Amino acid sequence: MTITQLYYVLAVAENQNFTKAAEKCFVTQPTLSMQIQKLEEQLDVQIFDRSKKPIELTDIGKKIVKQARNIVNESYRIQDIVDQQKGFIGGEFKLGIIPTIMPTLLPMFLKAFIKKHPKVKLKIEELTTEEIIERITDGHLDAAIAATPLENETIKERVLYFEPFVSYIPKSHRLHSNKKIKVSDLDISDMLLLEDGHCFRDGVINLCKAFKNQTNDQFQLESGSIETLIKLSNEGLGMTLLPYLHTLDIRENEKENLHHFTEPTPAREVSLIYHKNELKIQIVEALQDTISGIIRGAIAFQDVEIISPLASNK
């Protein structure tokens, strides 16, 4: 049994196709198939059910893949040990970022990080929190930036900053004349929300605890982007809540619609998250240093109350 054979097994399990797996592994399909067949013969089991289209794992195959993933990930640790010993910060690094953080935070730190660590090849994807957790667990992401805490035993979290919620209230709204907003002022029935699947939406719902027994059918309008929520609000269709960094680039004529909360300000915790095996930890630390250094100048709020991004089942 070899690491290469296990790597091939993982590729087929992921792609559910021998040809696609071979392309991802940069080998010919016969070579990949032969190595997997050798492994199956050695173990005297069938890892894949080749009669299914697409190819499926057998019951024992699912257990083998789970262990193979652990072994392959641990094998990468050897190179990690060498890199850390040499002080080398480089190589490919796959980073996921949730949609409500990507457009504001990424432009703030990306150029500085690339300049400081030119040997790191960042591959960045915009993903939901659910997708991020799955990909980190499966070893397909090295790290991610998301709202926390996530309460996941597989994942470690390093807090980067606390981002306050800010109310966006148009002139036609009942709360527009209020200088500051209290959480008790919020009414979910006249609030515009992001679509289901966004953890910022879950945070807003959790903030409106007095209305937690209402069903999703009672929400007036939902959108896939914060920019659309602002436009809908400008049309008098309701108020919305924005992450603080989104307010920095808002149009001058829209700033009068921004209303801060009374202290303690509701906020979300934003963290750099990664697998507990701590692979490529030197790059994780380099990212943390860069982002933390930049964000200090943008967010100076201290008295905050962290709102959980975990969807409430109540």
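This is a predicted model: local features need pLDDT of at least 70, side-chain atom pairs count only at pLDDT 80 or more; totals for chains, interfaces and linings use all residues.

User: How many salt bridges turn up in the whole structure?
Analyst: Searching the whole structure gives 10 salt bridges.

User: Which residue does Lys 280 pair with?
Analyst: Asp 142, and their closest N and O atoms are 3.3 Å apart. Lys 280 sits in the loop between strand S11 and helix H9, while Asp 142 is in the loop between helix H6 and strand S5, so the pair ties together parts that are 138 residues apart in sequence.

User: Is Asp 142 buried or exposed?
Analyst: Asp 142 counts as buried because its relative accessibility is 14%, and the cut-off for buried is under 20%. Lys 280 is partly exposed, at 23%.

User: What about Lys 156, what's its partner?
Analyst: Lys 156 forms a salt bridge with Glu 278, with the closest N and O atoms 2.6 Å apart. This pair also links distant parts of the chain: Lys 156 is in strand S6 and Glu 278 in the loop between S11 and H9, 122 residues apart.

User: Switching topic: which residues form a nonpolar patch on the surface?
Analyst: Val 159, Phe 162 and Ile 306 do, with about 210 Å² of accessible area together.

User: And where is Phe 162?
Analyst: Phe 162 belongs to strand S6, residues 155-168. Phe 162 is partly exposed, with a relative accessible area of 33%.

Methods:
Residues are numbered from 1 along each chain as its sequence is written. Side-chain values use heavy atoms; hydrogens and water are left out. Patches are made of residues with over 30% relative accessible area and no salt bridge: like charges are joined within 9 Å, nonpolar side chains (Val, Leu, Ile, Met, Phe, Trp, Tyr) within 5 Å. Accessible areas come from the Shrake-Rupley method with a 1.4 Å probe; for residues, only the protein chains shown count as cover. A salt bridge is a side-chain nitrogen of Lys or Arg within 4 Å of a carboxyl oxygen of Asp or Glu. Helices (H or I, at least four residues) and strands (E, at least two) are DSSP runs, numbered from the N terminus. Buried means under 20% relative accessible area, exposed over 50%, partly exposed in between (1.4 Å probe, protein chains only).
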